[in-house]
Amino acid sequence: MTAEGGAFARRLLAEVGDTLPVAVALDAGPIADPYDPAERWAVVEANLPWFAHCYAADPDRVLDVVLRAAGPVSALAQADRRFVRTAA
């Protein structure tokens, strides 16, 4: 990841990180506006961890996210309980 990408990720997580479940994979990258030649960073998509690919990410950290998502309910952090669906 470039320095600009890292800075974007740090700003993003500082702003909205507490609103995201711990087991989410965000794909971010530079985007171009056809009306403005300046390149900007953006979140392209958010993925469930088992649909994510590590591309340029650290595979060990990606695995941590997948394992966190697949762990037992008893290990679920209180902050993440709001993201759990109950069976119908």
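Predicted model: local features only at pLDDT ≥ 70, side-chain atom pairs only at ≥ 80, totals over all residues.
**The hairpin**

Strand S1 covers residues 25–33 and strand S2 covers residues 36–47; the two pair in the antiparallel sense over nine bridges. Together S1 and S2 make a hairpin, with two residues between them. Ala25 stands opposite Asn47 in S2, and Asp27 has Glu45 of S2 opposite to it.

**The salt bridge**

Side chains of opposite charge can pair when their charged atoms come close. The structure holds one salt bridge. Its partners are Asp36 and Arg40, whose closest N and O atoms are 2.9 Å apart. Asp36 is partly exposed, at 23% relative accessibility. Arg40 is likewise partly exposed, with a relative accessible area of 44%.

**The surface patch**

A nonpolar patch on the surface is formed by Leu13, Leu26 and Val43, with about 220 Å² of accessible area together. Val43 belongs to strand S2. Its relative accessible area is 35%, so Val43 counts as partly exposed.

| Residue | Relative accessible area | Class |
|---|---|---|
| Asp36 | 23% | partly exposed |
| Val43 | 35% | partly exposed |
| Arg40 | 44% | partly exposed |

Asp80 is found in the segment after helix H2, which spans residues 59–70. Is Asp80 buried or exposed, and which side chain of opposite charge is nearest to it? Asp80 is buried, and the nearest side chain of opposite charge is that of Arg82, 6.0 Å away. A salt bridge requires a side-chain nitrogen of Lys or Arg within 4 Å of a carboxyl oxygen of Asp or Glu; Asp80 has no salt bridge. Leaving aside residues up to four places away in sequence, Asp80 touches Leu20, Pro21 and Val22.

Asp36 is partly exposed and forms a salt bridge with Arg40, whereas Asp80 is buried and has none.

Methods: Residues numbered from 1 in each chain as written. Heavy atoms only, no water. Helix = DSSP H or I, 4+ residues; strand = E, 2+ residues; numbered from the N terminus. Buried < 20%, exposed > 50% of the residue type's maximum accessible area, 1.4 Å probe, protein only. Lys, Arg positive; Asp, Glu negative; His and termini not counted. Contact = heavy atoms within 4.5 Å. Pairing = 2+ DSSP bridges. Patch = residues over 30% accessible without salt bridge, like charges linked within 9 Å, V, L, I, M, F, W, Y side chains within 5 Å. Areas by Shrake-Rupley, 256 points an atom, 1.4 Å probe, with all protein chains shown as cover.
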